[in-house]
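Colleague: Could you take me through one part of this model closely? I would like to follow the packing of side chains step by step.

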Amino acid sequence: MPPDLSHAAARLAQSKRLVVLTGAGVSAESGIPTFRGPGGLWRGLDPLRLATPQAFEANPRLVWEFYNWRREIVAQAAPNPAHLAIAALEDRVPAFTLVTQNVDRLHQRAGSRDVLELHGNLQIVRCSLCDRAHDPGWTPLPALPMCDHCGGLLRPGVVWFGESLPPDILQSALNATLEADLLLVVGTSAAVYPAAGLIDVTMGAGGTVIEVNTAPTAATQRISLSLLGPAAEILPQLLASAFPSKT
Ligand code: BV8
Ligand code: ZN
């Protein structure tokens, strides 16, 4: 096993308070496109420009087409070995917190129980008028879905750029990363805040940060160790090496 991987596994085996922070890269091997990766555009449009209240205001039909397309991909996707390894970690360390930027709920489908969804999720939709939440599961929605309570236009239940994260969820993530002796950062470009700032919270409190990514990220320079490779390969190796008896 490469020295970096065995060093990371040794750190993982000793961890008493582990936080895992994931981004779109952990779902890449489930066939879900990342935001900034190759082919990251959707019909030539930049997803980052579609994931805003302004885009929804200007062209709700286009934004719903984008989100319905993503809901359809997620509905057909399955958790990959990275999601499964992360779910297994939950029962191997005394204190475990999973914080995700992802909106596909694949962590939950992989068996992760306590997931802090910083940016909401694609399953739940909310009324832009009365704010009522609706859970249509993963069924395709009409081009412009309406609230059956007040007739208002529904919006995806995600946090758009320029919108605040759910304060209670962000606070829980901040508390967990402050206490963590190890933060495992998996499949994120570490470009979006305040999520990426969680890395500095653990660093600032003296914790160790290890990232797993197929490429260097905005955080690589400032963290303890970077493991280059696909999450669906590296995470199961880390789990097996750190907890051989229980795997
Ligand atoms: C906010 C939901 C307060 C929608 C998303 C400083 C402080 C506060 C705010 C800001 C700040 N600086 C800038 C801001 C504004 C902004 C921001 O961060 N902009 C960035 C672009 C600079 N932040 C916000 O607006 C946030 N709100 O702060 O509120 C406020 C209020 C009013 C005014 C101002 C501020 C809200 C951010 C949430 C936005 N919503 N998602 C949707 O999904 O449609 S974020 C979106 O990007 C997704 O959630 C995604 O997860 C997230 C981050 O991207 P990544 O997950 O990292 O994915 P990415 O494609 O970038 O990278 C994939 C990585 O995987 C790559 O590194 C790749 O190498 C790797 N990879 C690929 N394959 C694999 C792999 N790794 C391992 N294995 C593989 N197989
Ligand atoms: Zn309503």
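Modeller: Start with F56, which counts as buried because its relative accessibility is 9%, and the cut-off for buried is under 20%. Keep in mind that this is a predicted model.

Now look at the partner of F56. F56 and W160 form an aromatic pair. Two values describe such a pair: the distance of the ring centres and the angle of the planes. Here the centres are 5.2 Å apart and the planes stand at 40 degrees. The pair is classed as tilted.

Where do the two residues sit? F56 belongs to helix α3, residues 53-58. W160 is in the loop between β6 (154-158) and α7 (167-179).

Searching the whole structure gives four aromatic pairs. Ring pairs join F56, F66, Y67, W69 and W160 into a cluster.

Next, turn to helix α9, residues 231-242. Take its contact with α5 to begin with. Helix α5 covers residues 81-89. The axes of α5 and α9 come within 7 Å and cross at roughly 30 degrees. Angles under 35 degrees count as roughly parallel, so α5 and α9 are roughly parallel to each other. Their crossing is left-handed.

Which residues meet there? From α5 come P81, A82, A85, I86, A88 and L89. They meet A231, A232, L235, P236 and L239 of α9. This contact holds 11 nonpolar residues, no polar and no charged.

Helix α1, residues 3-14, also meets α9. The axes of α1 and α9 come within 8 Å and cross at roughly 60 degrees. That makes α1 oblique to α9. The crossing of α1 and α9 is right-handed.

On the α1 side, the residues are L5, A8, A9, L12 and A13. On the α9 side, they are I234, Q237, L238, S241 and A242. The contact of α1 with α9 has eight nonpolar residues, two polar and no charged.

With α5, the crossing is left-handed. With α1, the crossing is right-handed.

Terms used:
Residues are numbered from 1 along each chain as its sequence is written. Chains are lettered from A and ligands numbered from 1 in the order in which they are written. This is a predicted model: local features need pLDDT of at least 70, side-chain atom pairs count only at pLDDT 80 or more; totals for chains, interfaces and linings use all residues. Side-chain values use heavy atoms; hydrogens and water are left out. Axes are lines fitted to C-alpha atoms, for helices over the stretch in contact, and angles run from 0 to 180 degrees between N-to-C directions. Helices (H or I, at least four residues) and strands (E, at least two) are DSSP runs, numbered from the N terminus. Angles under 35 degrees count as roughly parallel, over 145 as roughly antiparallel, 65 to 115 as roughly perpendicular and the rest as oblique. A crossing is left-handed if the near helix is turned anticlockwise from the far one by less than a right angle, and right-handed if clockwise. Contact means heavy atoms within 4.5 Å. Ala, Val, Leu, Ile, Met, Phe, Trp, Tyr, Cys and Pro count as nonpolar, Asp, Glu, Lys and Arg as charged, and the others, Gly among them, as polar. Rings of Phe, Tyr and Trp (its six-membered ring) pair if their centres lie within 6.5 Å; planes under 30 degrees apart count as stacked, over 60 as edge-to-face and the rest as tilted. Buried means under 20% relative accessible area, exposed over 50%, partly exposed in between (1.4 Å probe, protein chains only).
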